[in-house]
Amino acid sequence: MSTEQQKRPDGRDATSLNKPRVVTLPEDEDRDTLVDYYHQMLLVRRFEEKADEMYKMARIGGYCHLNLGEEATVVGFCAGLGSHDYLYTNYREHGYALCRGLSTNSVMAELFGKETGCSHGRGGSMHMFSLEHRLMGGYGIVGGQVPLAVGAAFAVDYRGSDEIVAVQMGDGATNGGPFYESLNLAKIYKLPVVFFVVNNGYGMGTPVEKGSAVAELYRKGCAFDVYGERVDGNDVLAVRDAVRKAVKMAREQREPAIVEAVSFRFRGHSVIDPDRYRDEEEVKRGRAIDPVALFAQRLLDSHFIDEHDLHTLEKQVEREVNEAVSFAEESPFPPVESLFDYIYASDDIVQEKK
Amino acid sequence: MAEISFRQALNDTLREELHRDGNVFLMGEEIGVFEGSYKITAGLLKEFGPKRVVDVPIAENGFVGMAVGAAMLGLRPVVEIMTFNFIALAMDEILNHAAKIYYMFGGQTPVPLVIRTPGGGGQQLSATHSQNLEAWFAHIPGLQVVAPSTPEDAKGMLKMAIRNNNPVIFIEHLGLYNTKGEVPAEDYTIPFGKAKVTKEGTDLTVISYSRMATVALDVARRMEQEHQWHVEVVDIRSLRPLDRETIVNSVKKTGRAIVFEEDWRSYGIGAEIAATVQEEAFDYLDAPIKRVANVEVPLPYAKPLELAALTGAKQLVDAINELAPRRRRIITHV
């Protein structure tokens, strides 16, 4: 079977959630790049904490699913993609939007339902979009985005260009038909798709082992002869490298691939979920492996950064997030007269061709 | 003008559009090597090759979603769903994705997609192969839904569907594929949301679409010849957008209306049209609006049962007799 379980150099399973560990950084990594990953992870962390706060202050409506605890997964994944590659995500996508380069302002403003939001206030938390950043949408129907990504890859292939399409989904999406139909379609047409499965252990309140006959989700491509790999979702570099490898396969060999990142959701399914179905001990253990704090420690241990730098970054991110809140607060709602805008595209819209 | 079949009109249109725009491509089950279950795509694989005429596996959810994704990047997929019934498997991609993407992302990416599919019963295909589900789609803002009844309209509206930047459900009918009609030689499109008065009359209006519009026209002509009843026939052609103005103006003129539809009566297309007429022409109505539709059962296999379930010319004639002649009858009795 064309799958493999990632092992650490000491032979231990890399995806076990049980033991916190500190690993030194590879020497050939560029300092600025690593600090930038940390910066992005911190931004996702503070942004999501602020989103939670704003939700509880009723500034944000609807559902609100946070990436807290998944920062290494989010940042590593986005770092593994090329800037021209296309990305489809599910509804837990604030972090992906930020790491794709959308401004913190436009993401926060979307949560506030403002005209300045990345979807002009029409989509909200679950439906963020930016053609400019090739974020082809957050999608609220579990698994619904997966065939779309295959179609985007079909279009790329049709035009003979070399972008790939990555599609992010949760563990729950791998139990539905669209996922399997998509694997099959991607394989038979040899389309450049990377299926990125964030396995945070629970589909809402259902443990992965209960909802999926095979709990090692990266193996689910075997029926389609699609390569799969599992990676430690708390390790930003491991995620990035696994994604890079899959992206390379997709781009160069037109082979779709699955990357499963084993991650941990710090909170409930959404902001309003009190998270009563998870064992307290389990949550405590999961939170102990804090990918943001661990990566900071790795940077410190490797002398890539010092306490002063960390403090400076912290202040910078805090300011950025606070400014985004002010921006969102001050931005106008879409005018009610615009209610019927965008139901139908006019015939003279010229599509971005590539 | 040449006289060609509905099937040929569709085939010609697909060929012309494939020639016109390199972004147009076809996908569907058995449309290539097999040339289509109903041969609408005959010869196209040979002419355009497998890049433009794509055979897909039996996975409606997957390949319709794939078409939506390809349309988001600017291709113009024309998808064939083998029969209307199978579209149920793709509903999420149509309802929650194709119809929503332009709106919910604030107008950043249109979805120029066409889904062609034939409905219709009467061929003993029984419950899962004989349905008319147009009301599902006509209900959804973000979609355009058309159901032409003649080869000329089929060609002009399919061109419009392919060239327009929105998702279009293009409804065909098994019983129409062999019907013939004149089709202009030049390139033309027919705008959506324009009904056509296919026969003028003063006594009563029959509002219909797809195959029933052709049946209505036959009935109306016969009633005129045999009984001098002047029935007006409105072929709405486009279900969303709906040309309310033409319907309402016709009913204002005749004072009586029948909606003749091949879907189930409850919550069907006729319900929307009847509601529109009473909202906008209530004072002009001389009688309640009638709906002539299929009987509300899953379509059975046995021929006598199937015949009893389907609506048709007889049901329309009965309805006209019940509705239109009251005034005349009184005159006859005096």
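This is a predicted model: local features need pLDDT of at least 70, side-chain atom pairs count only at pLDDT 80 or more; totals for chains, interfaces and linings use all residues.
**B:A67**

Leaving aside residues up to four places away in sequence, B:A67 touches A:G151, B:M27, B:P77, B:V79 and B:L113. I then checked where B:A67 sits, and its place is in helix α3 of chain B. Is B:A67 buried or exposed? I counted 33 other C-beta atoms within 10 Å of B:A67, and a residue with 20 or more counts as buried, so B:A67 is buried. I also took one C-alpha to C-alpha distance: B:A67 and B:V114 are 9.0 Å apart in space and 47 residues apart in sequence.

**Helix α3 of chain B against α4**

I stayed with α3(B), residues 60–72, and looked at α4(B), residues 91–98. Their axes come within 8 Å and cross at roughly 25°. Angles under 35 degrees count as roughly parallel, and α3(B) and α4(B) are therefore roughly parallel to each other. On the α3(B) side I noted B:N61, B:V64, B:G65 and B:V68 in the contact. On the α4(B) side I noted B:D92, B:E93, B:I94, B:H97 and B:A98. By class, the residues of this contact are four nonpolar, three polar and two charged.

**Chain A against chain B**

Next I went to the contact between the chains, which takes 38 residues from chain A and 35 residues from chain B. Which elements of chain A each supply at least two residues to the side that touches chain B? I found β3 (135–138), α5 (145–159) and α6 (177–188) of chain A. Of these, α5(A) gives the most, with nine residues. I sorted the chain A side by class and got 20 nonpolar, twelve polar and six charged residues.

**Domains of chain B**

I took the domain assignment of chain B, which gives domain 1 (2–183) and domain 2 (196–333). Their C-alpha centres lie 28 Å apart. The contact takes 25 residues from domain 1 of chain B and 23 residues from domain 2 of chain B. On the domain 1 side, the elements that give two or more residues are α6 (134–138), β6 (144–146), α7 (151–163) and β7 (168–173) of chain B. I classed the residues of that side as eleven nonpolar, twelve polar and two charged.

**Helix α10 of chain A**

Last, I looked up α10(A), residues 291–301. I listed its buried residues as A:P291, A:V292, A:L294, A:F295, A:A296, A:R298 and A:L299. What covers these buried residues includes α1 (31–56), α2 (71–80), α8 (236–253) and α11 (307–330) of chain A. I also noted that α10(A) is followed by A:H303, whose phi is positive, near 60°.

How values were computed
Residues are numbered from 1 along each chain as its sequence is written. Chains are lettered from A and ligands numbered from 1 in the order in which they are written. Axes are lines fitted to C-alpha atoms, for helices over the stretch in contact, and angles run from 0 to 180 degrees between N-to-C directions. Helices (H or I, at least four residues) and strands (E, at least two) are DSSP runs, numbered from the N terminus. Angles under 35 degrees count as roughly parallel, over 145 as roughly antiparallel, 65 to 115 as roughly perpendicular and the rest as oblique. Two residues are in contact if their C-beta atoms, placed from the backbone, lie within 7 Å. Ala, Val, Leu, Ile, Met, Phe, Trp, Tyr, Cys and Pro count as nonpolar, Asp, Glu, Lys and Arg as charged, and the others, Gly among them, as polar. A residue is buried if 20 or more other C-beta atoms lie within 10 Å of its own, exposed if 12 or fewer, and partly exposed in between; C-beta atoms are placed from the backbone. Domain bounds come from an automatic or database domain assignment.
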